[in-house]
Amino acid sequence: MALSSTGYVLTSVLVGLLFGALLQKSRFCFVSAFRDFVAFKDTRVLKGVLAGVAVMTVFWSVQATFGYFRGFWTPAWGVGSFLGGLVFGLGMTLAGGCASGTLYRAGQGYVQFWIVLAFMFVGYVLFAFAFPTVESFYFTPLNPFEGQTLYLLAPFSPAVTGVLAVAIGLLVYAYVTGRGKLPDDPSDGASAVADTRASTALAARPVNAIGVGLRGVVDELIAVARGVASDDRPLTKRLRDPWDARLAGVAMAVVAAGWFWVHGHWAITGAEARWAGYLLALTGYDAAGVEYWGSVLFFDGEITVTVDMLMIASLIVGSFVAAYLSGDFRVRTPNRERLPNYVGGGLLMGVGSRLAAGCNIANLFSGIALLSVHSFLAGVGILVGVYLMTHYMYREVGCAI
């Protein structure tokens with residue numbers, strides 16, 4: 001899609017505002033999604049993440065089939081992909097907010113997340129200066145494989161591959177959610193007939209679990225639709241109250257599809273790392289002379305504001321506007337005892353996002369939808385990091401998972 005320079009600027013601002021409003025209104029944070037599931041088996045936000053990824057996979061695969069996209073996102077991959085994701089997952093759980101969650105909460109008035117963001121920027125700067133060494137001793141040996149996406153590996157069109165991926169994911173989700181709703185095994189070991197029946201029932205359990213899980217998905221979709229249709233609150237109240245994370249996840253997938261069309265995959269920390277170089281250049285420092293900024297993030301060596309940098313700045317503004325209009329905005333001071341969490345978590349997120357070539361949005365939201373091999377590994381690393389740090393932080397009271 002060809003846009004004028006003004007069109008790109010306006011589009012990036014609009015996309016950022018929409019992302020910020022959707023994130024804030026639904027309290028959509030990947031830390032909440034995974035930490036709350038591990039700690040309490042709470043799936044409110046997790047279902048929103050899964051719905052968003054599924055819808056975005058379908059949208060993006062169809063766009064790729066017809067050429068309405070800016071290219072796949074395929075970083076080199078290997079053990080380093082997993083380790084980078086692990087560092088980022090540890091950091092975002094320690095900080096209490098992922099990359100996107102940090103931005104929308106900063107716009108909502110949380111001072112602690114401005115602290116997290118500041119130390120993420122410190123992490124970006126440290127990484128930029130260490131990049132030549134990291135390139136030699138981390139990326140080259142640990143990510144030796146050329147970037148690839150399953151869309152290009154599969155013998156089908158991207159649209160078919162994307163739909164198949166969503167279908168497989170849905171079946172796995174149905175099995176996981178459905179197996180816990182099945183009755184216990186019917187055998188009491190009383191007779192050979194009972195044992196035979198038990199064996200038959202046991203063999204059928206996966207199919208039955210999938211059936212129960214799929215019925216649960218359908219029932220939930222119907223309940224959501226009925227809830228929206230029967231909501232008789234005034235529109236102003238509906239806009240002011242918190243929004244369903246599942247609907248917000250789908251809405252963000254639609255917005256991301258537009259961003260994919262005019263720019264590329266949705267990412268947060270890459271643009272933030274550019275902001276770090278840009279702000280450093282404003283002080284008079286030759287940021288363009290630093291290899292990571294001059295040759296990797298700014299390909300032409302000119303340190304300037306890019307459309308993705310405008311998008312994430314607009315995301316904060318969108319969150320602020322949504323919070324202010326809803327009465328949710330107020331300046332919230334941090335708990336001093338948790339300052340080490342914000343500082344340490346921000347540093348780990350900044351460095352980890354560079355080691356993983358992206359954050360939760362780039363890898364778990366965009367990268368999975370783009371079926372990037374790197375993102376699958378980095379995503380697993382993020383989930384392991386969240387799991388480990390959640391168990392550490394909740395070690396005195398325990399976790400549900």
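Which charged end sits over the ring of Tyr392? Select Tyr392 and Arg395 in this predicted model: the charged end of Arg395 is placed over the Tyr392 ring, 4.2 Å from its centre. Next, select Tyr110 together with Arg332, where Arg332 lies over the face of the tyrosine at 4.4 Å from the ring centre.

Proceed to the aromatic pairs, of which a search of the whole structure finds 26. One of them joins Tyr68 and Trp261 in an edge-to-face arrangement, with 5.6 Å from centre to centre and 75° between the planes. This pair links distant parts of the chain, 193 residues apart: Tyr68 is in the loop between helix 3 (44–65) and helix 4 (79–95), while Trp261 belongs to helix 11 (residues 245–262). Tyr68 counts as partly exposed because its relative accessibility is 46%, and Trp261, at 35%, also counts as partly exposed.

Now select Phe131 and Phe139. Their ring centres are 6.5 Å apart and their planes meet at 45°, so this pair is tilted. Phe131 is buried, with a relative accessible area of 7%; Phe139 counts as buried at 16% relative accessibility.

For an aromatic cluster, select Phe19, Phe28, Phe30, Phe34, Trp266 and Phe365, which together form one such group.

Leu17, Val317, Phe320, Val321, Tyr324, Leu325, Phe329 and Val331 make a nonpolar patch of about 710 Å². Helix 14 (residues 307–326) supplies the largest share of this patch, five residues. Within helix 14, select Tyr324; this residue counts as exposed because its relative accessibility, 56%, is over the 50% cut-off.

Note on methods
Residues numbered from 1 in each chain as written. Predicted model: local features only at pLDDT ≥ 70, side-chain atom pairs only at ≥ 80, totals over all residues. Heavy atoms only, no water. Patch = residues over 30% accessible without salt bridge, like charges linked within 9 Å, V, L, I, M, F, W, Y side chains within 5 Å. Areas by Shrake-Rupley, 256 points an atom, 1.4 Å probe, with all protein chains shown as cover. Salt bridge = Lys/Arg side-chain N within 4 Å of Asp/Glu carboxyl O. Helix = DSSP H or I, 4+ residues; strand = E, 2+ residues; numbered from the N terminus. Buried < 20%, exposed > 50% of the residue type's maximum accessible area, 1.4 Å probe, protein only. Phe/Tyr/Trp six-rings, centres within 6.5 Å; stacked < 30°, edge-to-face > 60°. Lys NZ or Arg CZ within 6 Å of the ring centre and 35° of its normal.
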